[in-house]
Structures are given as structure tokens and as C-alpha cells.
Amino acid sequence: MASKFQSRLVGTILLVALGVIFLPDLFDGKKQHYQEQFASIPLQPEFEAEQEYETIPEPEFVDVELPDEPVTVVVDDTQVASANGAEKSVAETTPVKIEKPSVAPVKEGYKKSGWVIQLGVFGNFDNANKLVEKLRQSGYQAHVFPKQPKKGDYARVVVGPNVSKEALSAELKDLEKITGLKGQLLRFNPLNP
């Protein structure tokens, strides 16, 4: 037979299990359920069949031309007394000439603005900058284009610009002695050097 301790232990476990299962329901009282209320949205808005709509008329186009004679402008209205005592309104008018605005032509003079000597195109910007330093120490106006290197860009080393093509062509032999590179005379484009 089961001992008294085992009987008490089983009884205690049953009472605790019943308390865990049924006591929360007993102490909660009346449960409240919250349910969100949804409003149904119609798929298509309902229109009144008798509703009238106004139509917007099409715009009217009128051909208007400016007059050939000069336009007069009223500067000042003044009252002038006449001999019989009645006042007359006199307006001073001055003719105004209407001038058509002139459009300045696009200047294409930069195409003839100057010349440069391109000494080379380098994939390594460090080599291009070293060559420019060497040329500047020799007294030449040398540049690297583009100034800010990006991935895949090449560095162009140029000497100039100079307006005189003859002066630059005379420097070609000196530049070849200094750098060992044959230069090429090209037009200078200030918009895209």
C-alpha cells in the first residue's frame, strides 16, 4: 500500500493543479472582449444621376499684331481752366519708340583663341605631375588635365596656351630635348581644356 506521505503528496499535487487551472478564471470575473470596428469602404463612389456638370469653353485665340506707328504714353493729367470758366482735361503725350531686343550672337571666337602643345597622355597621374613639375622648373607654363583624377581617366600634359602658333612651334624642339617626347600642336578650347 501507499504510504501516508505518498498519499499526501499526490493530494497536494492535485489541489495545486486544480488551483492553477480554475482559480484564474474565478478571480478574473467578467471578461471583456475588444473587437475593432471596421467601416466598409465602397469599391466605387456613388454618384447622383441628376448631378449636372459645367463644361469649360475652349480658349479663344486672337491674332494680334503690334502697330507700326509709335505708341504714345500719357505722362500726366492736368486740369486747365478755359476762358469761359469750364475746366478741360489735358494730357501730355510723348511718343515712345519700341525697339526689338537684339540677340547677341554666340561667340565662336574661342576656336581661334589660342594653341597648346600636348606632350602626352598618361595613365599614371603621378608621372604626369612629375613631368609638369620638371617643365615648370624649366620655365614653361605646363598643366595636367583633368585636375581631379577619376577612375579610368587619363592625364593629358599640355604646355600653353599661347595665342601665337609660331611661338609654340618654336618651343617644340626645346621641349623634345627636355622631356624626350614629341609634342603635338592643338587648338586650345577654354570651355573644355
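Buried means under 20% relative accessible area, exposed over 50%, and partly exposed in between, with a 1.4 Å probe and protein chains only. The model shown is predicted: local features need pLDDT of at least 70, side-chain atom pairs count only at pLDDT 80 or more, and totals for chains, interfaces and linings use all residues. Residues are numbered from 1 along each chain as its sequence is written, and side-chain values use heavy atoms, with hydrogens and water left out.

**Figure 1. Overview of the protein chain.** The protein chain has three helices and six strands, in the order α-β-β-β-α-β-β-α-β from the N terminus. Helices (H or I, at least four residues) and strands (E, at least two) are DSSP runs, numbered from the N terminus. Of the 193 residues, 14% count as buried. The chain exposes about 17900 Å², and carbon and sulfur atoms supply 56% of that area; accessible areas come from the Shrake-Rupley method with a 1.4 Å probe, and for residues only the protein chains shown count as cover.

**Figure 2. Helix 1 and its kink.** Helix 1 covers residues 4–28 and reaches 36 Å from its first C-alpha to its last, close to the 36 Å expected at 1.5 Å a residue. That expected span is 1.5 Å times one less than the number of residues. A kink of about 40° lies at Phe22, shortly before the proline Pro24; the bend is the angle between axes fitted to the seven residues ending at a residue and the seven starting there. Of the 25 residues of helix 1, the number buried is one, so the helix lies largely in the open. Just after helix 1, Gly29 takes a positive phi of about 75°.

**Figure 3. Strand 3 and its two partners.** Six of the eight residues of strand 3 (residues 115–122) are buried, so this strand is largely enclosed by the rest of the structure. Strand 3 runs antiparallel to strand 5, with six bridges between them, and Val121 stands opposite Arg156 in strand 5. Four bridges join strand 3 to strand 6 (residues 184–187), also antiparallel, where Gln118 stands opposite Gln184. Two strands pair if DSSP finds at least two bridges between them.

Figure 4. A cis peptide bond joins Gly160 and Pro161, with omega about 10°. Pro161 lies in strand 5 (residues 155–162), and His143 is found in strand 4 (residues 142–145). The side chain of His143 reaches the backbone oxygen of Gly160 at 3.3 Å. Leaving aside residues up to four places away in sequence, His143 touches Val132, Arg136, Arg156, Val157, Val158 and Gly160, a contact being heavy atoms within 4.5 Å.

Technical notes:
A polar contact is a pair of N or O atoms within 3.5 Å; within protein, one must be able to donate a hydrogen and the other to accept it, and residues adjacent in sequence count only if both atoms are side-chain atoms.
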